[in-house]
2 protein chains.
Amino acid sequence: MKENNIQDLKLGILGGGQLGRMFIQSAMDYNIDVHILDPDPDAPCKNVATSFTVGKLTDYDTVMKFGKDCDILTIEIENVNTEALRALEKEGVRVFPQPDIIELIKDKRTQKSFYRDHDIPTADFTLVDSKTDIAKLGKFPSVNKLGKEGYDGRGVQVLRTASDIDKAFDVPGLIEDLVDFEKELAVIVARNERGECRTFPVVEMVFHPEANLVEYLFAPADVSAEIAKKADEIARNVIDRLGMVGLLAVEMFLTRDGDILVNEVAPRPHNSGHQTIEGNITSQYEQHLRSIFNLPLGDTSSRAKAAMVNLLGEEGHTGPAFYEGLEKVSAISGVHVHLYGKKLTKPFRKMGHVTIEENDMELLIEKVQFVKEHLKVISNV
Amino acid sequence: MKENNIQDLKLGILGGGQLGRMFIQSAMDYNIDVHILDPDPDAPCKNVATSFTVGKLTDYDTVMKFGKDCDILTIEIENVNTEALRALEKEGVRVFPQPDIIELIKDKRTQKSFYRDHDIPTADFTLVDSKTDIAKLGKFPSVNKLGKEGYDGRGVQVLRTASDIDKAFDVPGLIEDLVDFEKELAVIVARNERGECRTFPVVEMVFHPEANLVEYLFAPADVSAEIAKKADEIARNVIDRLGMVGLLAVEMFLTRDGDILVNEVAPRPHNSGHQTIEGNITSQYEQHLRSIFNLPLGDTSSRAKAAMVNLLGEEGHTGPAFYEGLEKVSAISGVHVHLYGKKLTKPFRKMGHVTIEENDMELLIEKVQFVKEHLKVISNV
């Protein structure tokens with residue numbers, strides 16, 4: 001039997017941001033042309049995609065038109081028109097992750113319900129439709145999450161007392177127990193069409209207190225072998241129960257009692273896997289490619305201890321981006337700077353990331369501090 | 001003092017083949033737009049460069065027109081119009097490697113004479129202008145090298161007896177002692193404008209007997225610390241004597257007496273450094289970028305033992321390329337396939353390479369054999 005020449009398959013991606021850009025860097029190694037649809041004419045993939053189409057990802061006709069010539073279609077963001085993806089799937093386009101799964105995940109209400117229905121450990125929650133519901137429930141402290149369209153920390157509100165109800169969302173969402181966690185962990189897991197499944201080593205994330213974005217992370221996480229195993233099994237369990245093909249990032253809380261609760265998932269390459277480019281034998285981007293092209297999945301072993309620092313736009317700076325301290329940090333051994341090709345910076349915008357590979361944990365922490373102190377995205381003007 | 005925002009500098013490359021393509025993968029991490037000039041409208045950089053201009057690299061006006069808007073200009077191949085590069089340099093374009101050095105290197109006669117004049121060890125040689133000169137010299141066995149325009153093994157003839165003179169080149173070149181070597185080694189060295197200099201660990205190359213191309217290599221080379229040190233010092237010495245800014249691959253013979261002789265150099269990323277993408281903290285492509293942008297040079301330490309296998313077009317196959325065995329080899333742990341985006345294959349054409357990272361030397365050799373046996377570039381038609 002003759003294999004597919006995978007380079008003859010036309011791949012489309014809905015979304016052309018930094019994730020698409022790093023995916024393209026990896027796809028080039030396989031001769032895979034990447035066609036991008038993105039609403040932003042200056043999106044990071046603009047100059048590096050084989051073709052770049054400007055259009056709304058949530059518009060049925062736009063997605064249909066873009067996807068109909070593709071052999072394989074994948075996503076970089078969940079907020080896409082899944083109705084169009086289902087129609088394309090019926091026409092024979094291989095859509096991964098599958099449209100029903102994107103649909104399920106992109107609404108936190110159905111996502112959380114899925115965990116409950118499949119005995120996947122997660123914080124207790126109640127579905128709510130409005131502020132009135134939230135007030136009636138009267139549960140404090142708690143976390144109010146928007147059902148749809150929350151991302152990068154937007155769409156999450158901590159309600160400490162009744163007076164916080166003003167901040168709550170007045171649309172369908174959920175109220176979740178506020179978890180008193182020790183650490184936030186993540187496991188990235190991939191699954192291909194033949195059901196082969198591989199996880200990356202669990203990582204440990206530290207969030208920015210204001211922006212609610214990953215500020216930096218350590219890989220592998222500093223947890224016991226038992227905790228690492230538990231996190232790994234949960235991630236495998238989630239992708240298996242979903243029956244998903246593609247890459248899934250599973251974010252988890254490690255509670256002070258040693259329990260692990262699934263917080264949320266993203267069915268695509270994820271911020272918690274950027275360091276795999278240097279830190280692991282196979283990167284999350286190549287693994288995504290292998291999964292959706294039904295290639296054997298790659299070895300995910302760590303090459304070295306690594307940290308990843310997100311490079312966020314400085315507060316008070318909006319305009320053309322200037323990377324202060326780039327020279328200083330690039331002089332440090334094991335520091336890898338990844339900029340995302342965004343011309344304009346604004347406070348907390350994800351402008352790039354830095355991976356540091358360093359096996360000496362003390363030195364690794366020092367280097368993280370050095371990068372955080374010296375590398376700043378400011379505006380020239 | 002304010003640093004340069006390196007992403008605001010316009011970079012042009014003369015040549016848009018696989019070396020340019022892998023350079024672009026690396027340049028994307030620094031937000032550096034790459035503008036390419038190449039005579040082949042289907043060159044590997046076509047779809048991934050910020051701009052792609054079709055034109056002859058040896059034509060004065062073409063190079064002038066392409067280069068005049070650039071802030072920094074570099075090369076992917078030595079056979080370029082150096083007169084135009086010198087004129088551009090005078091107009092303020094930063095050309096690295098410097099045009100005089102490209103000029104010196106691209107003619108093996110001046111290159112070899114440079115080694116002799118600077119006490120850099122190299123095989124003895126005599127300059128010749130024609131077959132008549134070669135016959136007069138009557139030195140057998142010997143190696144006849146073309147002065148200009150030899151590359152990838154073309155332009156080199158071994159003359160074993162007088163009857164081989166028919167095969168000799170009837171144009172300016174040189175006759176060199178045939179070196180009875182134990183191994184062929186290479187060291188890649190980089191130097192930036194402030195004179196900082198860094199070498200990669202020495203590698204050991206095995207050449208294809210027919211095609212005279214690197215068939216595979218091991219990194220680091222299996223040589224004593226003393227030999228490694230000697231090779232390293234020679235490479236540093238060559239780039240220092242040249243006063244070159246950029247990346248220089250120094251190919252050497254290790255003789256059976258433990259001497260090291262410089263064979264030839266290439267002032268750019270090189271086949272003997274492909275494995276640095278995975279095998280070393282900094283890749284040769286990023287190091288090239290760092291050197292020409294005058295950034296601090298990166299750490300060149302090996303992450304692991306690695307081998308690199310060139311993926312050459314199979315004999316007897318010409319036409320649209322099909323990668324037989326891609327799935328099989330991609331299932332092997334530590335195997336990284338790099339395809340070069342060439343649509344058509346022909347015998348011995350460099351279609352890609354495979355890097356294998358594997359610390360167990362026996363396993364590494366097994367995996368090299370597996371890749372060589374199973375991954376073939378054939379034609380579909």
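How are H3(B) and H4(B) oriented to each other? I looked this up first.

**Entry: ground rules.** I am working from a predicted model, in which local features need pLDDT of at least 70, side-chain atom pairs count only at pLDDT 80 or more, and totals for chains, interfaces and linings use all residues. Residues are numbered from 1 along each chain as its sequence is written, chains are lettered from A and ligands numbered from 1 in the order in which they are written, and side-chain values use heavy atoms, with hydrogens and water left out.

**Entry: the helix pair.** I took helix H3 (residues 82-90) and helix H4 (residues 99-106) of chain B, whose axes come within 9 Å and cross at roughly 165°. Helices here are DSSP runs (H or I, at least four residues) and strands likewise (E, at least two), numbered from the N terminus. Axes are lines fitted to C-alpha atoms, for helices over the stretch in contact, with angles from 0 to 180 degrees between N-to-C directions. H3(B) and H4(B) are therefore roughly antiparallel (angles over 145 degrees count as such).

I listed the contact (heavy atoms within 4.5 Å). H3(B) supplies B:Thr82, B:Leu85, B:Arg86 and B:Glu89, and H4(B) supplies B:Pro99, B:Asp100, B:Ile102, B:Glu103 and B:Lys106.

**Entry: around H3(B).** At the N-terminal end of H3(B), B:Asn81 is the cap, with a side-chain oxygen 3.1 Å from the backbone nitrogen of B:Glu83. Just after H3(B), I found B:Gly92 with a positive phi of about 105°.

**Entry: B:Asp107.** I placed B:Asp107 in the loop between H4 and H5 of chain B. Its relative accessible area is 13%, so B:Asp107 is buried. The side chain of B:Asp107 reaches the backbone nitrogen of B:Arg109 at 2.9 Å. Not counting residues up to four places away in sequence, B:Asp107 touches B:Gly147 and B:Lys148. B:Glu149 is 42 residues from B:Asp107 in sequence, yet the C-alpha to C-alpha distance is 7.7 Å.

**Entry: B:Gln111.** Is B:Gln111 buried or exposed? I read 3% relative accessibility, so B:Gln111 counts as buried. B:Gln111 sits in helix H5 (residues 108-117) of chain B. A polar atom of its side chain lies 3.0 Å from the backbone nitrogen of B:Val265. Leaving aside neighbours within four places in sequence, I noted contacts of B:Gln111 with B:Leu104, B:Ile105, B:Asn263, B:Glu264 and B:Val265.

How values were computed:
Parallel < 35°, antiparallel > 145°, perpendicular 65-115°, else oblique. Buried < 20%, exposed > 50% of the residue type's maximum accessible area, 1.4 Å probe, protein only. Polar contact = N/O pair within 3.5 Å; in protein donor to acceptor, adjacent residues only side chain to side chain.
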